[in-house]
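Q: I have a model open here and want to go through it with you. Can we start once it is on screen?

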Amino acid sequence: MTAPLTPPPPPHDQSPNDPWAPPPTSGGGGAEPWYGPEKPTGPGLRTELIEAAVVTVVTALLGGALLGVLWWWLAPHVPLVSDGSAVYFKDTEGEQAVGVDGTFTLLALGAGALSALVVFLLRRRGGVPLVVALMVGGLLGAVLAWRLGVWLGPGTDVAARAEEAGQGVTFSAPLKLAAKGALLAWPLAALLVHLGLTALFGPRDPEPFEPEPEKDGYGAPVV
């Protein structure tokens with residue numbers, strides 16, 4: 001004779017907090033993953049490149065035109081005078097020429113800060129393409145402003161203008177940017193202001209998840 005088979009014990013209920021419990025199943029019977037793959041949170045590289053191109057064009061054209069007009073309007077005039085054979089500075093100790101470069105530099109710094117603020121308010125998340133667009137657009141805008149201001153200012157043919165003005169008559173020198181390093185004021189200001197705004201007011205990355213420490217049967221953490 002053989003002994004009767006003993007039926008297996010019924011499965012005990014798993015606690016929902018049991019770390020060894022199997023993953024829950026859906027109504028269709030298939031096992032659902034504990035967590036899904038992380039989805040990219042950014043807008044995508046293509047969108048960032050399009051936004052960077054728009055920022056570059058708008059900054060260079062609109063900002064450069066405005067800066068050029070302001071420089072031509074606000075820059076001091078450098079007085080010249082002719083004695084019939086040569087042209088001289090009327091005020092040899094004047095600082096008008098330095099003021100021309102200083103005016104351009106101050107206006108470029110303001111344009112860089114303003115463009116960085118506008119871009120940050122419109123695209124708070126920032127990104128490398130936007131920063132590069134600000135710098136490239138600022139540099140192109142500064143070059144455009146320089147050439148536009150020279151074009152709007154007095155004529156560059158000093159000899160012809162001296163002959164037209166006559167001997168001993170004061171006339172203004174052409175608008176000239178002697179310190180070409182002032183062209184970098186706009187992109188550098190835009191870079192620094194945008195990085196500062198992003199560091200202070202930009203979105204923060206979420207804190208990484210830290211698993212709870214393992215505990216023994218009495219609830220004390222296992223060292």
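Q: How far apart are the end C-alpha atoms of residues 183-202, and how much of the span is helix?
A: The ends lie 28 Å apart, and the span is 85% helix and 0% strand. Helices here are DSSP runs of H or I with at least four residues, strands are E runs of at least two, and both are numbered from the N terminus.

Q: What kind of model is this?
A: This is a predicted model: local features need pLDDT of at least 70, side-chain atom pairs count only at pLDDT 80 or more, and totals for chains, interfaces and linings use all residues. Residues are numbered from 1 along each chain as its sequence is written, and side-chain values use heavy atoms, with hydrogens and water left out.

Q: Where does UniProt put "transmembrane region"?
A: The unreviewed entry places that feature at residues 49-74, 104-122, 129-148 and 183-202. UniProt positions are in the numbering used here, feature names are shortened, and annotations may be inferred rather than shown by experiment.

Q: And residues 49-74, how much helix?
A: That span is 100% helix and 0% strand, with its end C-alpha atoms 36 Å apart.

Q: What does α2 reach from end to end?
A: Helix α2 (residues 96-122) has 27 residues and reaches 39 Å from first C-alpha to last, close to the 39 Å expected. The expected span is 1.5 Å times one less than the number of residues.

Q: Which of its residues are buried?
A: Among them are Val100, Asp101, Phe104, Leu107 and Phe120. Buried means under 20% relative accessible area, exposed over 50%, and partly exposed in between, with a 1.4 Å probe and protein chains only.

Q: What do the buried residues of α2 pack against?
A: They pack against α1 (45-74), α3 (128-152) and α5, where contact means heavy atoms within 4.5 Å.

Q: What does Phe201 touch, leaving out residues up to four places away in sequence?
A: Phe201, in helix α5 (residues 185-201), touches Phe120 and Arg124. Phe201 and Phe120 are 81 residues apart in sequence and 9.5 Å apart in space, C-alpha to C-alpha.

Q: Switching to the sheet: what is the strand order?
A: The order is β2-β1-β3, an open sheet of 3 strands with antiparallel pairing. Two strands pair if DSSP finds at least two bridges between them.

Q: Which strands are at the edges?
A: β2 (87-89) and β3 (171-172), each pairing on one side only.

Q: How many bridges join β1 to β2?
A: 3 bridges join β1 (residues 79-82) to β2, and Val81 stands opposite Tyr88 in β2.
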